[in-house]
Amino acid sequence: MKNASRLCLALAGLLSCSGIAWAQELQALRVANQKSGIKLLLEAAGELQEVPYAIQFSEFPAAAPLGEALNAGAVDVGGLGDAPYVFALGSGAALKVVCIVHAAGRLSTAIIVPKDSPLHGVADLKGKRIVTGRGSIGHFLALKALREAGLQSSDVRFVNLLPSDARSVLESGGADAWSTWDPYTAIAITQGARVLVNGSHLLSNNFYLAATAQAIEDKRPQLTDFVKRLERAYRWANQHPDAYAAAQSRVTGLSRETHLESARNTRFQRVPIDDALIEGLQATADLYFEEGITGKRIEVSQGFDKSFNEAADGPLLPAPSRVQASGRP
């Protein structure tokens, strides 16, 4: 009888503590999003349901302004490619990568030209104008492609613009080529542009989810839960390419078929944060330094948090019925 009473008291205490914990509502997680990005994926995969904290999405047209928002602490977490993350670190941002997702087989980044362009290879870019965003993954692809062809960045002229302006500049003849990424590659190709260089063999094709140091300190449970949800969402995309393409179509306005080929031929896989991946990003940083794009050598090793590797294991945060998720635009 004594043991039974003790057990009841223990259970009562546990339930009481649990109630107190949930009474103190978790802070909202502020997530930076790009068009056809994290928000779309999570919604399509059903991972924004029963979230025990608010998720506040902010929209950005490209990685550069997204990185600036992270640097300013205006958002807690956001996704960046190799090159933009180097730039964000170089600006002195106190950021840490908490998750890396590798995309295999995807035509996500490419140098494209108008359909009737006389350019047919990277060597033809000598003396030409390439429009892209400074410090973007498109910029990095152009540098890598030029080097592979035995050219230097000084052999071309870079026109630095955001994607929203770059497309019209290419179409009007203000540039000879555009180095960009999805969904802009898909849009341009659908409307008649031609791929000059496929970046699949020149880039790591890694997606870095980076969080501010403050968010890691104050919102670690939310970040850990968010990383798990994102990984589950990518697994869903691998298993449901048709549904993923349909969701992309609703956001981009392009036909479902346009996205379907990419969705069917892409495999997303979360990879652990390890020394080899960090060294790979250091090579990217060193290339930018050699090109004179960054004024100093950027040490990237401090921009990773390996403790989040363990976030792949274990359950999601429980969601009491009284706490609702929100994805605010």
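Let's start with Lys 219. This residue is buried, with a relative accessible area of 7%. Buried means under 20% relative accessible area, exposed means over 50%, and partly exposed lies in between, with a 1.4 Å probe and protein chains only.

Before I go on, the ground rules. This is a predicted model, where local features need pLDDT of at least 70, side-chain atom pairs count only at pLDDT 80 or more, and totals for chains, interfaces and linings use all residues. Residues are numbered from 1 along each chain as its sequence is written, and side-chain values use heavy atoms, with hydrogens and water left out.

Back to Lys 219. Which residue does Lys 219 form a salt bridge with? Asp 76, and the closest N and O atoms are 2.7 Å apart. The two come from distant parts of the chain: Lys 219 sits in the loop between α8 (213–218) and α9, Asp 76 in the loop between α3 and β3, 143 residues apart. By salt bridge I mean a side-chain nitrogen of Lys or Arg within 4 Å of a carboxyl oxygen of Asp or Glu. Helices (H or I, at least four residues) and strands (E, at least two) are DSSP runs, numbered from the N terminus.

Stay with Asp 76. Asp 76 also forms a salt bridge with Arg 30, with the closest N and O atoms 2.9 Å apart. Is Asp 76 buried or exposed? Asp 76 counts as buried, because its relative accessibility is 3%. Arg 30 counts as partly exposed, at 27%.

Next pair. Arg 232 forms a salt bridge with Glu 47, the closest N and O atoms being 3.0 Å apart. Arg 232 lies in helix α9 (residues 220–239) and Glu 47 in the loop between α2 (38–44) and β2 (55–60), so the bridge ties together parts 185 residues apart in sequence. Glu 47 counts as buried at 7% relative accessibility. Arg 232 is partly exposed at 40%. There is also a network here: salt bridges link Glu 47, Asp 225, Arg 229 and Arg 232. In total, the structure holds 18 salt bridges.

Now α9 again, this time with its helix neighbour. α9 and helix α10 (residues 241–252) pack at an angle of about 110°, their axes 5 Å apart. That makes α9 roughly perpendicular to α10, a label for angles of 65 to 115 degrees. Which residues meet? Trp 236, Ala 237, Asn 238 and Gln 239 in α9 meet Pro 241, Ala 243 and Tyr 244 in α10. By class, that is five nonpolar, two polar and no charged residues.

Glu 279 is found in helix α12 (residues 275–290). Glu 279 is exposed, with a relative accessible area of 57%.

Finally, the whole chain. There are 12 helices and 12 strands. Of the 329 residues, 50% count as buried. The chain exposes about 15300 Å², and carbon and sulfur atoms supply 51% of that; the areas come from the Shrake-Rupley method with a 1.4 Å probe.

Key: Axes fitted to C-alpha atoms, helices over the stretch in contact; angles between N-to-C directions. Parallel < 35°, antiparallel > 145°, perpendicular 65-115°, else oblique. Contact = heavy atoms within 4.5 Å. Nonpolar A, V, L, I, M, F, W, Y, C, P; charged D, E, K, R; others polar.
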